[in-house]
Amino acid sequence: MASPDQDLAPALDKDGVRLTVDDTLATVTLTRPAKRNAQSPALWRALAEAGRSLPGSVRVVVLRGEGKSFSAGLDRQMFTPGGIPGEPTFTDLARRDDAELDASIAAFQEAFTWWRRNDLVSVAAVQGHAIGAGFQLALACDLRVVADDVQFAMRETSLGIVPDLTGTHPLVELVGYARALEICVTGRFVGAEEAVSCGLANLAVPVGELDAAVSDLAGALLAAPRDAVVETKALLRGAGARSYEEQCAAERAAQARRLRDLAGVGE
């Protein structure tokens with residue numbers, strides 16, 4: 001699959017992550033196709049750095065993976081006794097006290113949390129395997145466009161661990177508790193048709209049309225005024241935690257801000 005950002009100078013290119021910026025559109029690309037974009041702590045640090053590196057002009061961020069797979073999950077070397085050189089092994093992590101272990105996992109999660117910032121709309125372009133950490137990275141984004149060969153799976157429970165890279169909340173939000181539990185505990189694959197029908201994906205297209213479909217969606221997202229998009233995203237993200245009456249009040253407050261801003265009238 002050709003890279004849509006291949007002609008842009010990267011703002012960041014390290015540890016399996018490349019960030020390119022074209023004014024209001026940024027593209028984050030996983031660049032380990034030979035390893036099916038397997039993830040490691042170094043890759044997570046680079047993803048977190050990409051989020052911190054975004055200039056204020058960026059409104060839409062596209063996340064994609066080079067090669068045939070979006071991301072096949074954790075680098076298998078992490079499961080070996082020696083682990084990845086320079087990184088803590090699972091045994092090392094297990095020996096840390098509660099506070100240290102919590103801080104370690106929180107640091108890993110930083111790669112997954114920034115995609116939902118209210119000032120951005122993030123879109124994952126997902127082809128092939130998106131397993132475990134790969135599934136959770138796709139779930140970190142606001143929207144997902146998938147190729148018809150996509151294979152989502154949450155394999156952590158099958159390995160004796162739990163999904164801990166921020167994926168459980170959006171998964172339950174999207175498909176409901178019962179289906180989320182079944183997907184996680186069985187570790188089964190979810191293909192493109194089911195992903196669209198159950199809400200995991202916004203759109204499924206043939207593999208060869210994935211980049212074009214994501215480009216079209218990014219263009220549509222950028223067509224609306226930025227401040228209105230930011231306010232709308234904040235309203236929708238907070239809706240689940242508010243009562244109906246509270247949401248109505250939040251809508252009124254947001255609309256008042258927009259009307260005053262458009263009219264040039266101060267608070």
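**Exercise 1. Identify the buried residues of helix 1 and state which elements cover them.**

*Solution.* Step 1: the buried residues (under 20% relative accessible area with a 1.4 Å probe, protein chains only; over 50% is exposed and in between is partly exposed) of helix 1 are Pro41, Ala42, Leu43, Trp44, Ala46, Leu47, Ala48, Ala50 and Gly51. Helices (H or I, at least four residues) and strands (E, at least two) are DSSP runs numbered from the N terminus. The model is a predicted one, in which local features need pLDDT of at least 70 and side-chain atom pairs count only at pLDDT 80 or more, while totals for chains, interfaces and linings use all residues. Residues are numbered from 1 along each chain as its sequence is written, and side-chain values use heavy atoms, with hydrogens and water left out.

Step 1: the cover over these buried residues includes strand 1 (12-14), strand 2 (17-22) and strand 3 (25-30), together with helix 3 (98-113) and helix 4 (133-140).

**Exercise 2. Describe the largest nonpolar core and the surroundings of Trp115.**

*Solution.* Step 1: a nonpolar core is a set of buried Ala, Val, Leu, Ile, Met, Phe, Trp, Tyr and Cys residues joined through side-chain atoms within 4.5 Å. The largest has 52 residues, and Trp115, Phe152 and Leu200 have the most contacts inside it. Helix 4 gives the most to this core, six residues.

Step 1: contact means heavy atoms within 4.5 Å. Neighbours within four places in sequence aside, the contacts of Trp115 include Val28, Leu47, Val61, Leu63 and Lys233.

**Exercise 3. Characterise the largest pocket by volume and lining.**

*Solution.* Step 1: on a 1 Å grid over the protein atoms alone, a pocket is an open set of points with protein on both sides within 12 Å along at least five of seven lines, whereas a cavity is a set where a 1.4 Å probe fits but cannot get out; lining residues have an atom within 4 Å of a point. Points are joined across faces, edges and corners, and a volume is the space filled by probe spheres set on them.

Step 1: the largest pocket has a volume of about 490 Å³. Of its 19 lining residues, Asp142, Leu143, Lys233, Leu236 and Arg237 are the closest to its centre.

Step 2: helix 9 (226-239) supplies at least two lining residues, as do strand 7 (143-147) and helix 5 (168-175). The largest share, five residues, comes from helix 9.

Step 3: the lining comprises nine nonpolar, four polar and six charged residues. Here Ala, Val, Leu, Ile, Met, Phe, Trp, Tyr, Cys and Pro count as nonpolar, Asp, Glu, Lys and Arg as charged, and the others, Gly among them, as polar.

**Exercise 4. Examine the largest cavity in the structure.**

*Solution.* Step 1: the structure holds one cavity of 30 Å³ or more. About 50 Å³ of space lies in the largest cavity. Step 2: its lining includes Arg59, Asn118, Leu221 and Val230. Helix 9 gives the largest share of this lining, three residues.

**Exercise 5. Is Thr89 buried or exposed?**

*Solution.* Step 1: Thr89 lies in the loop between strand 4 (60-65) and helix 2 (90-94). Step 2: Thr89 has a relative accessible area of 9% and is therefore buried.
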